[in-house]
Amino acid sequence: MAKITLDIFRFDQAVDDIPHRDKVALEIPETITVLDALEFAKAEVDGSISFRRSCRSAICGSCSMNINGVTGLACKTPCNTVLRSDGTIAIDPMPNFQPMKDLVVHMDPFWDKYTRLKPYLQPPDRDEDNPTERRVSPDDMKKLVEVANCVMCATCYALCPVVSVDPAFAGPAAIAYAYRFVEDVRDGQTKERLGQINDDYLWLCAHCYACSYCPKHVEPHDRIVDVKRRTVQESVHMNERGPRHALVVNKTIKQTGMLGETEVIQGTVGRFNIRGLLKVAPLGLRMASKGKLPPIFLRPIPKVDEVRTIFESLEVPTLK
Amino acid sequence: MTTLLPEHQVRDAHRHSKSSQTKRYGFFPGCVAKESCKELFNSTMLLADRLGIELIELTAASCCGASVVNDTNRDIARVLNARTYAQAEALGLDDVITICSTCTGHMRAANKELLESEERMTHANAILGKFGAKYEGNVMVRHLLWLLIDDIGLDTLRSMVVRPLNGLKVAPFYGCHIIRPESVNGWESARNPHSLEDLIEAIGGEAIDYAGKTRCCGFHIQLEKGNTAASMVGQNMRIAKDKGAEAVLTPCPLCHLALDGYQQDAAARWGRTDLPVFHLPQLVAFALGIPAQKLGLNKHLIDPRVVLTDRELIA
């Protein structure tokens with residue numbers, strides 16, 4: 001048995017203006033999970049402590065919370081892996097959400113983004129016209145297995161630094177779910193779905209890999225790249241900045257071997273997009289005043305032909 | 001499930017012997033250090049000289065893919081990097097040193113993909129074979145930060161400091177791709193890294209612990225939505241400033257461009273922070289006695305010489 005103090009965020013939106021913290025001292029085995037410790041605190045010390053939980057085995061996705069600054073499932077986090085040297089565990093609600101009561105948060109923005117995707121199969125034909133089974137080959141199913149493990153615990157959404165400053169961004173889970181339907185051979189709404197997720201700022205993912213902490217190994221960061229790639233393959237919204245950026249980066253590397261900063265900025269914003277260029281101009285001028293502007297014309301690297309050979313060999317994806 | 005790289009691809013275990021010979025490393029500066037952050041390239045070379053190591057630039061290497069090439073095709077970046085590794089091997093340089101977090105992460109990811117799958121290695125070599133190159137799989141990619149700590153060592157660095165930072169309060173900013181995903185980098189904890197802190201303390205500064213140190217600078221979405229990117233800078237710099245930071249230290253030139261360039265734009269939402277941002281080799285080289293005027297500090301938008309003067313480190 002160990003002496004463990006839970007330092008818990010307390011707030012009740014019905015009565016409190018500001019949150020406070022309660023320290024609950026327990027004597028428990030240090031190998032039990034943080035969720036078990038919370039259950040113990042609720043049962044033995046203070047029945048008013050509120051938190052969401054159901055399955056206790058990382059399947060329902062209810063108990064994601066911030067544990068000593070790390071967001072994850074309380075039922076999958078043993079106390080001894082997070083215990084501070086002074087024997088405390090600070091427990092807070094998930095970041096990027098409004099707290100409702102103690103560790104319970106308002107999940108609405110997360111569910112809204114999920115529902116916008118129409119998260120159900122939309123086959124290309126009606127069941128009446130096609131009375132046979134809709135079959136999926138094992139190979140096609142393989143693509144969906146990982147993402148089907150998503151339990152919608154919102155850990156990735158809570159960790160996402162883009163969501164934290166810009167709630168318009170769909171967030172990792174919603175995009176991973178878009179992938180789940182886009183890559184499903186039974187679904188007939190691929191382009192519509194790609195259009196929708198583009199409208200919800202697919203390309204606003206900052207490539208930070210914060211969502212690589214997914215407790216179910218859905219690897220949302222990889223799924224986001226998959227959806228972007230599919231968007232480019234299907235030529236959806238190709239005139240917007242995201243796809244243009246990806247294509248112009250490729251183009252400059254193919255031409256010079258290097259990522260040409262000047263060309264990438266012009267190509268992404270749009271060479272004739274005067275308003276857009278004016279928006280990036282002040283920073284450009286500040287950089288110019290410090291002699292910090294990238295070269296306008298890049299000299300190709302030695303043996304740039306080799307780089308072009310690589311691009312020409314691969315421009316049609318050949319390897320999964 | 002994530003799998004970790006074998007230990008010898010993470011730590012430089014077998015190269016630790018302290019020989020009197022100058023150590024030679026393959027050097028991959030990356031695009032930004034050759035374009036808008038030339039001061040990073042120059043201060044790296046000056047630091048290497050002071051440390052007595054030889055960085056041999058892979059001049060024919062291409063861009064690492066910068067995390068963007070993957071958005072259109074999953075194979076190109078891998079094969080581009082295989083070409084770079086083949087060049088390093090041909091020069092007898094298995095140790096490739098980077099000075100950019102994004103290069104580190106993406107080159108290591110490509111290497112991991114190649115080393116884990118014979119099919120992918122064969123596929124890459126089939127393309128490299130068209131111009132007579134071959135990657136044998138011996139290269140290890142490491143960041144200069146890791147080299148400083150693993151190969152030079154904090155004690156040696158401490159003994160080389162001639163201009164200690166006088167307790168300058170420095171906030172470390174790692175840059176996502178040098179720590180995440182952990183399955184690719186794995187050199188230190190991605191949740192709670194401390195190599196930059198150790199380095200800051202070794203050169204006489206005081207490291208500031210703050211929640212922003214492992215967060216994202218927003219660089220990759222600057223052109224997608226500038227306000228959002230600026231806000232990511234502002235949010236992190238606000239926390240650092242409120243914790244008492246006087247300056248920021250980053251091993252990544254993309255983070256540098258974001259943090260140095262966008263604090264002004266973020267001020268409307270997050271208040272003025274104006275924290276000067278040092279490139280990793282700049283601050284180490286400064287502490288090791290290389291004159292400030294050689295380090296390109298005048299190229300920064302937020303002039304770091306102000307805080308160095310305040311601390312009586314330069315006249």
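User: Is the crossing of H4(A) and H7(A) left-handed or right-handed?

Analyst: Left-handed, that is, the near helix is turned anticlockwise from the far one by less than a right angle, while clockwise would be right-handed. Before we go on: this is a predicted model, where local features need pLDDT of at least 70, side-chain atom pairs count only at pLDDT 80 or more, and totals for chains, interfaces and linings use all residues. Residues are numbered from 1 along each chain as its sequence is written, chains are lettered from A and ligands numbered from 1 in the order written, and side-chain values use heavy atoms, leaving out hydrogens and water.

User: At what angle do H4(A) and H7(A) pack?

Analyst: About 155 degrees, with axes 9 Å apart. That makes H4(A) roughly antiparallel to H7(A); angles over 145 degrees count that way, under 35 is roughly parallel, 65 to 115 roughly perpendicular and the rest oblique. The axes are lines fitted to C-alpha atoms, for helices over the stretch in contact, with angles from 0 to 180 degrees between N-to-C directions. Helices (H or I, at least four residues) and strands (E, at least two) are DSSP runs, numbered from the N terminus.

User: Which residues make the contact between H4(A) and H7(A)?

Analyst: Lys143(A), Leu144(A) and Val147(A) come from H4(A), and Ala176(A), Tyr177(A), Tyr179(A) and Arg180(A) from H7(A). They divide into 5 nonpolar, no polar and 2 charged. Contact means heavy atoms within 4.5 Å. Ala, Val, Leu, Ile, Met, Phe, Trp, Tyr, Cys and Pro count as nonpolar, Asp, Glu, Lys and Arg as charged, and the others, Gly among them, as polar.

User: How many residues of H7(A) are buried?

Analyst: 11 of the 11, residues 172-182, so H7(A) is largely enclosed by the rest of the structure. Buried means under 20% relative accessible area, exposed over 50%, partly exposed in between (1.4 Å probe, protein chains only). Among those buried residues are Ile175(A), Arg180(A) and Phe181(A). The cover over H7(A) includes helices H3 (108-115), H4 (138-148), H5 (155-159), H8 (190-199) and H9 of chain A.

User: OK, chain to chain. How do H13(A) and H2(B) cross?

Analyst: The axes of H13(A) (304-314) and H2(B) (76-90) come within 10 Å and cross at roughly 150 degrees. That makes H13(A) roughly antiparallel to H2(B), and their crossing is right-handed. H13(A) brings Glu306(A), Val307(A), Ile310(A), Phe311(A) and Leu314(A), and H2(B) brings Ile76(B), Val79(B), Leu80(B), Arg83(B) and Gln87(B).

User: What does Asn70(B) touch?

Analyst: Val225(A) and Arg229(A), plus Ala77(B) and His106(B), not counting residues up to four places away in sequence. Asn70(B) sits in the loop between S2 (53-57) and H2 of chain B, and is partly exposed at 23% relative accessible area.

User: Sheet time. What is the strand order in chain A?

Analyst: S2-S1-S5-S3-S4, an open sheet of 5 strands with mixed pairing. S2 (20-28) and S4 (70-73) of chain A stand at the edges with a single partner strand each, so one side of each has no neighbour in the sheet. The twist averages 30 degrees from one strand to the next. Two strands pair if DSSP finds at least two bridges between them.

User: What pairs with S5(A)?

Analyst: S1(A) (2-10) pairs with S5(A) (88-92) in the parallel sense over 4 bridges, and S3(A) is joined to S5(A) by 2 bridges, antiparallel. Ile91(A) stands opposite Ile8(A) and is also the bridge partner of Ile67(A).

User: Is S5(A) buried or exposed?

Analyst: 5 of the 5 residues of S5(A) are buried, so the strand is largely enclosed by the rest of the structure. Thr88(A), Ala90(A) and Asp92(A) point one way, Ile89(A) and Ile91(A) the other.

User: Last topic, backbone. Where is the cis peptide bond?

Analyst: Between Arg180(B) and Pro181(B), with omega about -10 degrees. Pro181(B) lies in the loop between S5 (169-172) and H7 (195-202) of chain B.

User: And what is phi for Asn96(A) and His237(A)?

Analyst: Near 70 degrees for Asn96(A) and near 55 degrees for His237(A). Most residues other than glycine have a negative phi. Asn96(A) is partly exposed at 25% relative accessibility, and His237(A) is partly exposed at 28%.
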